[in-house]
Amino acid sequence: MTAPLLPTAPVPLSAHGRFWGLVPCAGMGLRAVSAGGVAGAVPAAQTLPKQYHLVAGQPMVLHTLAAFAGVGRLLGTLVAVAAGDHFLDAYTHPSFFKVECGGPTRADTVLGGLKALRERGAQPEDWVLVHDAARCLITTALIDTLIDTCANDGVGGLLAHKLADTLKTSIDGPGGVRVATTVDRSDKWLAQTPQMFRIGPLMAAIERIGPSVTDEASAMEAMGLHPRLVPGGAQNFKVTYPDDFALAGAVLAQRGHGTTLERFGGLRGLPPWMGDTHLCSRTSSRSR
């Protein structure tokens with residue numbers, strides 16, 4: 001997909017700055033692979049990355065990108081894919097562009113995406129919202145809430161969910177794994193995405209900390225900073241294990257996923273391996 005041309009003159013700063021989306025999309029999601037394939041979506045011999053398998057009738061990442069497409073303040077969303085990954089070529093849309101800058105780790109992919117944004121005119125002081133492709137239940141409203149909350153913050157922040165369950169540590173004991181202690185949960189949060197920071201400081205943090213960092217907030221924390229926690233929600237979970245596909249599909253079905261169909265064209269949301277039979281079947285069912 002050809003990246004959209006940026007204006008020759010700098011885009012005027014809004015009251016809070018300029019905003020970009022960045023979706024790392026280069027991993028395979030191996031924890032989602034079961035003996036029967038990824039969530040039963042395709043045969044095990046066909047190893048599509050997890051983010052391209054169907055959820056509620058559409059490739060998972062399209063639900064993610066549809067939510068970002070609804071955020072009017074974003075100048076664009078960069079999808080960072082692995083070299084040779086052309087899956088999204090069939091889903092062109094002016095709200096996002098893909099760059100083959102994926103690396104061996106999430107941090108490498110994010111860093112490649114940040115460098116690609118800079119090459120396309122993004123400035124060090126611009127904000128970037130980094131979001132997991134597999135968090136396909138994110139909503140435009142949550143993204144806007146994060147921007148509204150953090151745009152005036154000196155550090156930035158992330159969506160997170162206050163831990164509701166009792167938290168245990170474990171030890172190996174007689175007959176299996178056993179409880180060691182109960183941990184105070186009052187100050188515990190589950191980190192989610194998007195995570196929103198200025199491009200320059202985030203690049204510097206990842207370059208200094210290295211590829212082992214698992215999220216952007218961790219990189220900023222290692223620099224002595226304290227990102228802001230913005231309440232997200234239980235539905236903004238990361239599709240990771242086979243059972244998660246069914247849960248995400250049920251949530252999208254309950255919501256109605258018309259936004260994704262409207263953004264990306266409904267019938268075009270079929271990957272090539274499904275073939276014309278499925279296309280004809282869906283066309284027939286929609287005409288009843």
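Me: Is aspartate 132 buried or exposed, and what is its relative accessible area?
Reply: In this predicted model, where local features need pLDDT of at least 70, side-chain atom pairs count only at pLDDT 80 or more and totals for chains, interfaces and linings use all residues, burial is judged with a 1.4 Å probe on protein chains only, buried meaning under 20% relative accessible area, exposed over 50% and partly exposed in between. Residues are numbered from 1 along each chain as its sequence is written, and side-chain values use heavy atoms, with hydrogens and water left out. Aspartate 132 therefore counts as buried, its relative accessible area being 7%.

Me: Which residue forms a salt bridge with aspartate 132?
Reply: A salt bridge here requires a side-chain nitrogen of Lys or Arg within 4 Å of a carboxyl oxygen of Asp or Glu. For aspartate 132 the closest N and O atoms of such a pair are 2.3 Å apart, and the partner is arginine 106.

Me: How many residues apart in sequence are the parts that arginine 106 and aspartate 132 tie together?
Reply: Helices (H or I, at least four residues) and strands (E, at least two) are DSSP runs, numbered from the N terminus. Arginine 106 lies in helix H2, whereas aspartate 132 lies in the loop between E8 and H3, so the parts tied together are separated in sequence by 26 residues.

Me: Why does arginine 73 count as partly exposed, and what is its relative accessibility?
Reply: Arginine 73 meets aspartate 148 in a salt bridge between their side chains, at 2.7 Å from N to O. Because arginine 73 lies in the loop between helix H1 (60-69) and strand E6 (74-81) and aspartate 148 in helix H3 (residues 140-150), the pair ties together parts that are 75 residues apart in sequence. Arginine 73 counts as partly exposed because its relative accessibility is 31%.

Me: Which residue meets the side chain of aspartate 126 in a salt bridge?
Reply: The contact with aspartate 126 has an N to O distance of 2.8 Å, and the partner is arginine 18. The pair links distant parts of the chain, 108 residues apart, with aspartate 126 in the loop between helix H2 (106-119) and E8 and its partner in the segment before strand E1 (19-25). Both residues of the pair are buried, aspartate 126 as well as arginine 18.
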